[in-house]
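Take a look at the model below. We will go through it one interface at a time.

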Amino acid sequence: MDFQLTEEQLMLQDTAARLVRDTYGFEQREAFSQSEPGFSRAFMQQLGDLGLCAVPFAEAYGGFGGSGVENMLVMTELGRGLCLEPYLHSVIFAGGLISQLGTEAQKERLLAQLGSASLQMAVAVDEPQSHYQLHDVQTTAVAVTGGWKLSGRKSVVIGGQSAGLILVSARTGHGTRDEQGISLFLVDPQHNGVRRRTFATMDGRKACELYLDEVFVKCDAVLGSVGQALPALRYQQGRCIAAQCAEAVGSMEAACALTLDYLKTRQQFGQPIGKFQVLQHRMVDMRMELDQATSMTLLAACVADQEDSHERSRLLAAAKFIVSRASRFVADQGIQLHGGIGLTWEYMLSHHAKHLLMVARQFGDDDHHLQAYAKLMQVA
Amino acid sequence: MDIDFTADERAFREDVRGWLRDNLPSEFAERISQGKRLSKEHQVQWMRTLNRQGWLAPGWPVEFGGTGWNDVQKHIFDEECFAAGAPKVVSFGLKMVAPVIIKFGTAEQKARFLPRILTCDDWWCQGYSEPGAGSDLSSLKTRAVREGDHYVVNGQKTWTTYAHYADWMFCLVRTDPDARQQRGISFLLLDMKTPGITVRPIITLDGEHEVNEVFFDNVRVPVANLVGEENQGWTCAKYLLTHERTSIGGIAHNKALLSRLKRMSSEERRDGRPLIDDPLFRAQVAEVEMQLMAAEMSSLRTLSAVRDGGVPGAESSFLKIKGTEIRQAITWLISKAVGPYALPFIEDELGYGSEALLYTDYSSAATYQYLDARKASIYGGANEIQKNIIAKMILEL
Ligand SMILES: Cc1cc2nc3c(=O)[nH]c(=O)nc-3n(C[C@H](O)[C@H](O)[C@H](O)COP(=O)(O)OP(=O)(O)OC[C@H]3O[C@@H](n4cnc5c(N)ncnc54)[C@H](O)[C@@H]3O)c2cc1C
């Protein structure tokens with residue numbers, strides 16, 4: 001057991017922290033959020049230029065060879081600053097799927113572009129009926145001469161509105177909700193038949209709904225073996241969960257710090273409200289939730305890049321569950337302890353709160369992971 | 001002991017239900033039952049419809065336009081209104097300032113203000129909270145100095161709901177800076193058009209503009225607009241805080257939210273089956289329904305004690321705490337039920353936009369409603385303050 005970070009990891013953490021601090025003030029974030037892509041392309045480019053977008057990729061593809069721990073360090077800082085860039089969905093999710101399933105040619109081309117941030121990608125897996133179940137895929141891909149035709153609808157694709165390329169899961173065989181017969185396709189959103197409806201999200205990002213109407217893609221747009229994508233999707237979602245936990249921890253740290261500071265400065269009844277014991281205990285509860293979440297995030301980071309196994313899935317489900325619950329508690333109580341101020345748009349706490357509340361709405365909510373855990377739990 | 005409604009009460013419920021069926025515009029009912037925003041015009045339109053029926057002010061004495069209903073009838077009325085999806089009646093005029101004017105106002109004040117509240121010609125707002133005086137309301141600093149027939153008001157209020165709509169504000173001001181905190185406060189009525197008043201919006205985390213900051217710069221208020229005696233404003237303020245009791249637990253609102261939750265989780269799918277059939281989700285809905293049942297019984301117990309001549313004291317703090325907790329639990333499940341569709345924040349769908357819905361009518365406001373419910377444990381006396389009241393008044397700790 002060793003919880004120490006290496007020299008290199010400390011440097012990475014420091015680089016990310018500094019970059020976020022220098023770029024992400026409240027006003028800047030507002031402007032990024034309202035801009036057309038919904039984030040700062042310049043900042044994304046900076047992350048690329050400094051090598052942060054290549055952190056998780058293998059050295060053979062120009063990457064840093066980073067593991068779950070490196071991802072955790074970067075994501076925690078992005079979460080602390082509530083950064084809007086689709087780093088998680090593009091670099092970790094899409095990049096992970098390409099690393100795991102891609103041909104040499106696909107890896108060489110796409111990982112280089114993702115790593116330098118010249119390409120941003122998104123992953124479209126949810127559907128209106130799927131409720132976080134990756135195997136509940138109704139979007140279809142039918143083999144035609146020279147390629148495939150995709151039809152269907154994908155829900156709430158984070159970063160999809162600005163993505164240069166979208167990875168879409170579609171059914172190429174077997175019946176509804178069968179674990180077999182799911183394939184992944186690289187879809188260029190400029191293609192005929194692709195329609196995107198862009199909208200803002202509760203946590204200040206942008207996303208799109210993706211409609212595919214007989215979209216033709218060539219044979220080389222398939223990622224991995226036809227019909228065999230589900231295990232990789234699940235595995236990569238596990239890596240995303242670990243990264244998302246870290247992002248939430250960064251945000252919770254910021255929210256707790258703001259709240260603690262407020263308890264010490266806000267005066268009511270002639271004293272700082274932090275003198276009221278009920279509020280002290282609540283603040284303690286928030287910190288304990290944060291502490292539990294931090295521990296589970298470390299655990300998740302350490303298993304995220306291990307070989308696929310029931311054990312890995314079990315631990316990641318546990319992390320997601322604990323962190324989702326903690327996130328909601330910190331969001332709710334952070335607002336409550338602030339009183340009216342905590343509810344205002346002009347104050348960063350409310351944005352942390354919204355982000356934390358939405359942690360559970362991606363990659364499965366606490367119920368989803370509670371049920372997953374219960375299935376995998378050892379009884380004897 | 002009899003927990004059933006009487007035959008009269010049941011007949012009353014039928015009357016109310018029938019009238020709502022005939023008079024509530026379906027557009028309003030749809031918006032409300034989907035948790036969407038309602039414009040000022042539509043709110044006024046609905047309140048005027050109620051007024052034409054004589055049902056706008058059930059809490060007022062009959063001679064001023066009340067209905068003469070007892071508290072159980074008022075509860076039934078509330079419940080039917082929420083169930084039908086009727087817009088909430090805006091309380092600042094009807095349920096806050098009016099009872100104070102009726103109890104403490106002069107005959108002129110009654111004649112001048114009450115009819116215009118009923119006809120919705122005056123929209124009221126509540127000027128209590130200040131930047132430095134939230135939970136500790138009696139530390140408020142907005143100053144009113146008497147100059148002849150006027151008070152000259154200087155200072156600032158904050159969190160003032162609907163100040164940007166309001167024609168009038170009822171306001172707590174300090175008239176005696178030397179008296180102990182609660183003593184030197186007076187209850188003033190301010191015409192929002194008076195020179196020297198500036199209203200600035202505060203946008204809340206859900207993107208909504210409802211609350212405001214209000215600044216007073218040498219605002220001249222006629223002494224005739226003082227309610228009660230000078231320096232006795234705290235009595236008015238306290239009366240107002242305990243007056244509104246039938247709807248304090250939000251039972252009717254919560255029931256309507258719960259039935260929406262059930263409807264939507266029957267339509268949502270998980271594993272190809274209705275989400276409500278997922279045992280874990282279903283158990284959570286069941287849990288909140290049982291809590292609501294208990295809160296409703298508590299609320300009815302309090303009501304019937306009042307009907308028999310009791311005064312609801314600190315018990316109303318129970319109802320407030322439970323009511324807001326249950327509302328937060330239900331709206332969280334609503335946000336949970338729609339899965340990733342809790343993420344989109346499409347203001348167009350919350351307001352009066354005409355674009356096609358992204359997903360379903362019930363998903364547009366799913367998370368928005370939860371954020372709105374977070375406000376409820378803060379305003380009207382934060383839940384921590386309610387617990388302090390219970391500890392002190394009931395437990396005598
Ligand atoms: C949406 C909304 C609408 C509102 N509308 C109006 C309006 O129309 N008119 C108006 O006058 N006001 C309005 N308010 C103001 C509302 O009444 C105050 O927000 C409320 O009184 C709390 O005050 P505060 O926000 O200053 O929080 P604070 O009083 O600063 O409280 C901060 C935290 O400290 C806790 N706390 C404070 N004192 C104690 C104590 N002694 N023991 C334990 N805990 C304590 C509180 O519970 C809270 O958790 C509105 C507020 C909101 C959020």
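Buried area is the accessible area, found with a 1.4 Å probe, that two parts lose on being put together, summed over both. Keep that in mind for this predicted model. Chain B and chain A bury about 4500 Å² between them. Carbon and sulfur atoms account for 58% of that area. Three residues stand out on the chain B side: Leu205(B), Trp332(B) and Leu343(B). They supply 17% of the area that chain B buries against chain A, more than any other three residues.

Now count residues. On chain B, 53 residues are in contact with 51 residues of chain A. Between the two chains there are 6 salt bridges. Glu384(B) forms a salt bridge with Arg282(A), with the closest N and O atoms 2.9 Å apart. The largest share, 6 residues, comes from H12(B). By type, the chain B side has 28 nonpolar, 13 polar and 12 charged residues.

Next, look inside chain A. In chain A, 14 residues of domain 2 are in contact with 14 residues of domain 3. About 1300 Å² is buried between these two domains of chain A, 61% of it from carbon and sulfur atoms. The interface holds 2 salt bridges. Glu179(A) and Arg234(A) meet in a salt bridge at 3.2 Å, N to O.

Notes
Residues numbered from 1 in each chain as written. Chains lettered and ligands numbered in written order. Predicted model: local features only at pLDDT ≥ 70, side-chain atom pairs only at ≥ 80, totals over all residues. Heavy atoms only, no water. Contact = heavy atoms within 4.5 Å. Salt bridge = Lys/Arg side-chain N within 4 Å of Asp/Glu carboxyl O. Helix = DSSP H or I, 4+ residues; strand = E, 2+ residues; numbered from the N terminus. Nonpolar A, V, L, I, M, F, W, Y, C, P; charged D, E, K, R; others polar.
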